[in-house]
Amino acid sequence: MKESIHTIPLMDAFKAEDECPFCYLEREAEQHAISFALGSGASYMEDDVRAETDAMGFCRHHYKMMYDYGNRLGSGLILSTHLKKLNQELAAQMNLFAPGKSSVFKRMQKTSLDKQGRETAIGQWIDEKTHSCYVCDHFKANYNRYLDTFFDLYKKDEEFARLFREGKGFCLPHFADLVETAEKKLNDKQKAEFYPVLFKIMKENYQRLQEEVTWFTDKFDYRNKDKDWGNSKDSIQRCMQKLGGGYPADEPFTEGL
């Protein structure tokens, strides 16, 4: 299959033999976005980049990445103009806020905050702001295309199909996205061929991890102290990745990397 801007990174991700190729792509994308925004090219000084960061802000995870990256001046300049815009919007939200009618019944209710069903305009606005992120958007802009390209390659490129069959499966969040996309991209015959292969890969690799992390715990038994660790030494972080996505054991991504 002819290579494109999406096929090359996807092939590279599967060749990396990661626990989840889409986690691999996501990490590459977020590190690129952090480097672009705060790196030596001083993109944070560009009007178009600043307009995006002012409008979108960053999520909790990527604020931490920005802090770890180490460019305090760049972060400060981004935060200065972002807060200026946000403070204007916050003031407008508070000026427009109208408290709901109080009642004895409501005051007696046990507190239960459902972020998916915020009842106030301020709560809804803050949810929108805290779920908007310049770095997350950098990956999301390409993620759907990567999913589409996965199925294009799976159907047309035997090397990629082999890498998929011999791979380690996917984390649960990206597995869900793959299934959802398969329902749209594959016909009935293709689904009948694809799902058994995918499910076999998932079952085998989740079983592999269960055995590895179980052996990790068994190694703390004095009777096993002289036995080989096998592949279990880093099984904790790989299990966490498989279940939730991401790389919990990664060192902070810094300006020097």
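**View 1. A salt bridge joins K15 and E159.** The closest N and O atoms of the pair are 3.8 Å apart; a salt bridge is a side-chain nitrogen of Lys or Arg within 4 Å of a carboxyl oxygen of Asp or Glu. The pair links distant parts of the chain, with K15 in helix 1 and E159 in helix 9, 144 residues apart. Helices are DSSP runs (H or I, at least four residues) numbered from the N terminus. K15 counts as partly exposed because its relative accessibility is 45%, and E159 is partly exposed at 35%. Buried means under 20% relative accessible area, exposed over 50%, and partly exposed in between (1.4 Å probe, protein chains only).

This is a predicted model, in which local features need pLDDT of at least 70, side-chain atom pairs count only at pLDDT 80 or more, and totals for chains, interfaces and linings use all residues. Residues are numbered from 1 along each chain as its sequence is written, and side-chain values use heavy atoms, with hydrogens and water left out.

**View 2. K64 and D68 form a salt bridge.** Their closest N and O atoms are 2.8 Å apart. The two residues are separated by about one helical turn because they lie 4 residues apart in helix 4. K64 is partly exposed, with a relative accessible area of 47%, and D68 is partly exposed at 22%.

**View 3. R223 meets D221 in a salt bridge.** The N to O distance between these side chains is 2.6 Å. R223 counts as exposed at 60% relative accessibility, whereas D221 is partly exposed at 22%. The structure holds 17 salt bridges.

**View 4. Salt bridges link E19, R208, E212, D234, R238 and K242 in a network.**

**View 5. The largest nonpolar core has 33 residues.** A nonpolar core is a set of buried Ala, Val, Leu, Ile, Met, Phe, Trp, Tyr and Cys residues joined through side-chain atoms within 4.5 Å. F22, F150, F164, F170, L178, F194 and L198 touch the most other members. Helix 1 (7–15), helix 2, helix 8 (134–156), helix 9 (158–165), helix 10 (172–185) and helix 11 (188–218) each supply at least two residues of this core. Helix 8 gives the most, with 8 residues. A second, separate core of 16 residues includes A37, Y44, Y69 and Y134.
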